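Thanks for coming. I'll go through this structure in a few minutes, and you can follow along on the screen.

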Amino acid sequence: MRELATEPSPSTSGVLDPPKTEAGTGNAATPRKRDRKRWGLTVVGSVVALVFLAPYLIMLSGAFKSRQEILKVPPEYLPGDWKFDNFVNMWGTPETPLPDNLLSTVVISLGGTLLALLAALPAAYYTARHSFRLKLPFMLLVLITQMLQPTVLASGLFREFVSLEINDTWLAMILVNAAFNLSFAVWIMHSFFATVPKEIEEAAWLDGCSRGQSMRRIMLPLVWPGIVTAIIFTFIACWNEFAASLILLPTDTNQPLTVALTRFIGQYESAWQYVFAISIIGILPVVALFAMIEKHLVSGLTAGGVK
Amino acid sequence: MQALPWLLPALVLIVGVVIFPAGYMVYTSFRDLSRFGKDRGWAGFENYVRVFGLDPLPTVLTNTVVWTVGTVVVTVLLSLVLAQFLNKKFPGRKVLRMVIIVPWAASVVMTSTVFVYGLDPFYGIINKFLVDVGIIDEPYGFLKNATSGFLSAMAVAVFVSVPFTTFVVLAGLQTIPHDVLEAASIDGAGKVQTYWSVVFPMLRPALAVAAIINIINVFNSLPILKTMTGAIPGNDADTTTTFMFKLIQNDRQIDTASALSVVNFVVIIVVIGVYLKVVKPMREVNA
Amino acid sequence: MATVTFDGASRYYAGTERPAVDQLNLEVEDGEFLVLVGPSGCGKSTTLRMLAGLEGVDEGAIRIGEREVTDLPPKDRDIAMVFQNYALYPHMTVADNIGFHLKIKKVPKAERAERVLEAAKLLDLEQYLDRKPAKLSGGQRQRVAMGRAIVRSPQVFCMDEPLSNLDAKLRVQTRTQIASLQRRLGVTTIYVTHDQTEAMTMGDRVAVLKDGLLQQCDTPIGLFGKPKNLFVAGFIGSPAMNLIPATINGEGAVIGGQSIDLTPAQRSALTGSNVVVGIRPEGWILKPAGEGISATVEVVEELGSDQFLYCSTSAPQLATDDDAGEEAAAPPPITVRAPGMSAFQRGEKVGLVPQPGAVHLFDADSGERLPD
C-alpha cells in the first residue's frame, strides 16, 4: 500500500500523506527531494511559532525594562539595561498588595482544585461502573455546566453570595471555580475509569480486597493519568480565572493576580514592567503544567464529541 | 438511589453554584433593586423593558453578533490550515505543538494586556514593528477609537482561540483512517479533491464541536474587551457580556443586569441545544 | 476444599420477566470438576458470579462446605476466579499479580515469594516473573491468571471461559493442562464454557443450562448416552444428534417407512401422538440402496479417521428454531458416520437403518425423554 504514496507523482504523496522516512523504497532522487520539502516545512513552522510566541517575548523583554525605558518614545525591542530587580520591587508597590494577591491565587486555585476533585471523583467512578436510570440526565447536567460560564451567571452568583454573606471571600471563589470546572474533571476521569475492565476490580475483590483497598491499590494507580489531567486542568483554570473574581472580590487583598494585574494600568501612568514581571510568573508554571497533559485535553474538553 | 451518595457532592456543587444562581438571576430580573441591593419588590417586566429601551442596545447587539461570528469563523478557518500543517511530519513539529499551547494555557488577561501595551501609539512595540517592516507609515492608536479597538480585540480573541480549535481539528484529522485516503488516491482524486470530498466531510463532527465550544467561549468572553477597549468611553465597543458587567460594576444596576443576563442565558441555552442536537455528545454514555 | 451447594438460587435482572438463573439446585462434590455449559444467555456465567459474590442472590442460598455464603462479600468467600479476559492487574509484574492475594492477607514476604515461585514453576512462568502483563503472549497471560488462582489454595476455583481467548491449538493443549492440574490440586472447580467439547473432555460432571434453567447434570457419559430432553440431545455431541419427528402408528413410530417400536412404558408416558426419534451419526447402519430409509448422499466430509455423510432423505429432520422463519429452506440433512476413507460419493443412493439400542425417543410436545 505504501508504494502508492511513494510514487514520484506529487499529487499522491501530498498534504494528506505525511511521508515516513523510508529510504530505499523510491528512486534515489525522491528521498532527497522529500527531505528538502520537510525542512521547508520547518522554516514555515518556525515563523508560525514566532507568531504565537511574539506576545510572550514582548512580555519577557518588557519585564526587564526600567520604568523610563518601557515608556520611552519611540520604544526599543530589548531592554538597554536589564532590570532584574523588577521581580523584587513589584512585591512592594502601592498599586496593589501583590503578596496577598499571589496568596489569593494560590489558595483559590488549590481549594478549587481539591473541591472539584473530591466532588468529581466519586461521580466519575460511579457513572463509569454502573448503569442507572438517571445516568444520562446526570451526565447531561454535567455537560451543560461545562457550557455555562460564571460570566453569564455573574449577577445571580453575586446576589447569592451576598445573601449567604460569603461575598468577597476566598470560599466564594473556591466554590465558583470548583463548580464550573467540575464537568471537565468528571468527564476525563469517567473516560479513564471506563477503560478499566470491571473484571480487574472484581479480581481484586476476590483476591481479598475491600472496596477501599481495591480502589487504592488497583483503580487509582490505573486511572492516575486521568486524575493528574483533571487536577492540572482545574488548577490552571482556577489560576487564570478573571471574570467572577472581578465581580465577587472587591477587596484588593482578596483579589487574585489576574485582577490585581489590571490595577497597574492607569489612565495616565502604567507600570508595565511590573505587569509583565507578574505575567511571566503567572504564565510560566501554567504552561509547563499544561504541556504535561496536552494529549488528554481534547477528549476531556469536547466530552465525547470527538474521538 | 444507590447512586446518590456517589453523585451527591457533584450535585450539591452544581445545584448550589450553577442552578440556584441561574434561578436567582431570573428571579432578580423581575425585582426592583436599589443601587445598594435593597429589594424594593416585584417589578414585572420593567427591567426587560428598560434593557430593550437602553440607547446603546442596538449597537451592543450588533457588536455581539460581529464579535462572536467573526471571531469564530476566522478562528475555525485559521485552525483548519494550521491543523493540516501540524498533521505533516517535519523536524520540529513537536516543538511547534508545544509553542502553540502557550496562548491556550496563559491567562487571557495577561495575554491581552501585552497587546494593550504593544498597540500603544507612543511606546507600543507592535506599532514600532509594523512601522519598521513598512506595513504602516506611522504608529496608530489602535485602541483609541471604538472601531479599530474592537477589531484589534477580535484579532486577539482569534489568537487565543486558535490553539484549542487547532488541537480539536487535529484530533479529528487523526481519526481519518489512512486507507480511506489511499482509496481516494487510487480513485484518482487530486489533493484538493481529496480534501473537499473525503477529509472535510470526515472533519465535520470535530468542527461542530470546536465551533460550538468557541461560540460559547467567545460570546462569554470578558477579559479581552475589558482590558483592550474598556477605557474607551461609551458603549460602541461593548458586547452584551461586557455591557452587562458595566451595568453591575459601574452603574450597580443588578436588576437590569440580571434581565440582560437572562437574555444572554437564553442565547447560550439555545446554542447548547444546537450542540446536543448536532454533535450528540452523549452517544458514548450507555445508560 | 469444600463442597458447593446451590439451594434454589435465583437471580433476577431489572427489566426482564424471566430470571437469569431460575431456582437452581446443584451439589458439587468436594474436589469435583463441574462444568456449566449452555448457549450464551443461559445463565451459566451468572451462576458462577453468584457463587463468587459478584452477583447478588435474590432467592435461595449458596453454601460452600457448611458455610452459608449467600450474603458474604467476595473477599470473604475464599474463592479464586479465572476470568475470560484474565483481568490481570496491568500495573503489576507477573510476580505481584500472582502474589497480590497473599500480600492483602499479609503473608510474610519470604513465604510469599516462595509460594509465588512454586506456582510459577508449576505453570512454566519463572522467567516472566518480572514482566508486566502487556509484555506477555495470550497463553502466558492465561497462565498468570491460573497462577493467581492456584497460589492461594482456595476452597473453590471459579473459571469463566478461561480458554476462549486462545487460538484453537493452544486451547486444546491448555484444556488438558488445566484438567490435570485440577486433579493434582484436588480443589473443587466450577468451570463455565459454551463449548460442549470442552465441557465433555474436562468435567467430572457437566451441568447443561438453558434460559436460566438446569436441564441436566450428569457425567459426560450420562449426558451423551441418556440425554434427558431434546435440548440436551441436540446440544451435546458433535456432529449433533439427528432428531427426526415421527407420528405414532400402531405399535411404533414411523420414519421414512421404518417403524421403531415403542415399549408400553414409553407409550403410556407419551402426552400426545407425536415423538421425536434421535439417532446419533454413529448410530446408523449403512445399507445398500433399497434397504431401510432411502437416502441420497449430498456432501461427504472426510476427516481421515471418520467420514461424515450428509444425506437427504424422505424423513426430514426437526427444523431448528433458527430456520423457523424460512419456509423454503430445505430440512437439515441427516448426518451419518462412516469409517474413514470410505468410498462414498456425492449423489450416491444408500439405505439407513438405526442400530439397535442407538435410538433415543423424546416426547415431541414436552421435549422430555421417554423412559427406556
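Start with Asp85(A), which is partly exposed at 34% relative accessible area. The word has cut-offs: buried is under 20% relative accessible area, exposed is over 50%, and partly exposed is in between, with a 1.4 Å probe and protein chains only. Lys83(A) also counts as partly exposed, with a relative accessibility of 25%. Asp85(A) and Lys83(A) form a salt bridge, and their closest N and O atoms are 3.6 Å apart. By salt bridge I mean a side-chain nitrogen of Lys or Arg within 4 Å of a carboxyl oxygen of Asp or Glu.

Before I go on, a word on where this comes from. This is a predicted model, in which local features need pLDDT of at least 70 and side-chain atom pairs count only at pLDDT 80 or more, while totals for chains, interfaces and linings use all residues. Residues are numbered from 1 along each chain as its sequence is written, chains are lettered from A and ligands numbered from 1 in the order in which they are written, and side-chain values use heavy atoms, with hydrogens and water left out.

How many salt bridges does the structure hold over all chains? There are 25. In chain C, Asp76(C) and Lys75(C) make one, at 3.6 Å from N to O. Asp76(C) is partly exposed at 33%, and Lys75(C) is partly exposed at 30%.

Now Lys44(C) and Glu161(C), whose side chains meet in a salt bridge at 4.0 Å, N to O. This pair links distant parts of the chain, 117 residues apart: Lys44(C) sits in helix α1 (residues 44-52), and Glu161(C) in the loop between β7 (156-160) and α5 (168-185). Helices (H or I, at least four residues) and strands (E, at least two) are DSSP runs, numbered from the N terminus. Are these two residues buried or exposed? Both Lys44(C) and Glu161(C) are buried.

There is also a network of salt bridges, which links Glu202(A) with Arg11(C), Arg49(C), Glu55(C) and Asp58(C).

Next, chain B. It has 12 helices and 2 strands, and from the N terminus the order is α-β-β-α-α-α-α-α-α-α-α-α-α-α. Its C-alpha atoms fill a box of roughly 75 × 70 × 30 Å along the principal axes. Of the 287 residues in chain B, 58% are buried. Helix α6 (residues 125-132) of chain B gives examples: its buried residues include Ile125(B), Ile126(B) and Leu130(B). After α6(B) comes Gly134(B), with a positive phi near 85 degrees.

Which two chains share the most contacts? Of the 2 pairs of chains in contact, the answer is A and B. Contact here means heavy atoms within 4.5 Å. Chains B and C have no contact, and their closest C-alpha atoms lie 13 Å apart.

Last, chain A. UniProt, in an unreviewed entry, places the feature "transmembrane region" at several stretches of chain A, among them residues 102-126 and 222-251. UniProt positions are given in the numbering used here, feature names are shortened, and annotations may be inferred rather than shown by experiment. In the model, residues 102-126 of chain A are 100% helix and 0% strand, with end C-alpha atoms 36 Å apart. For residues 222-251 of chain A, the values are 83% helix and 0% strand, with 43 Å between the end C-alpha atoms.
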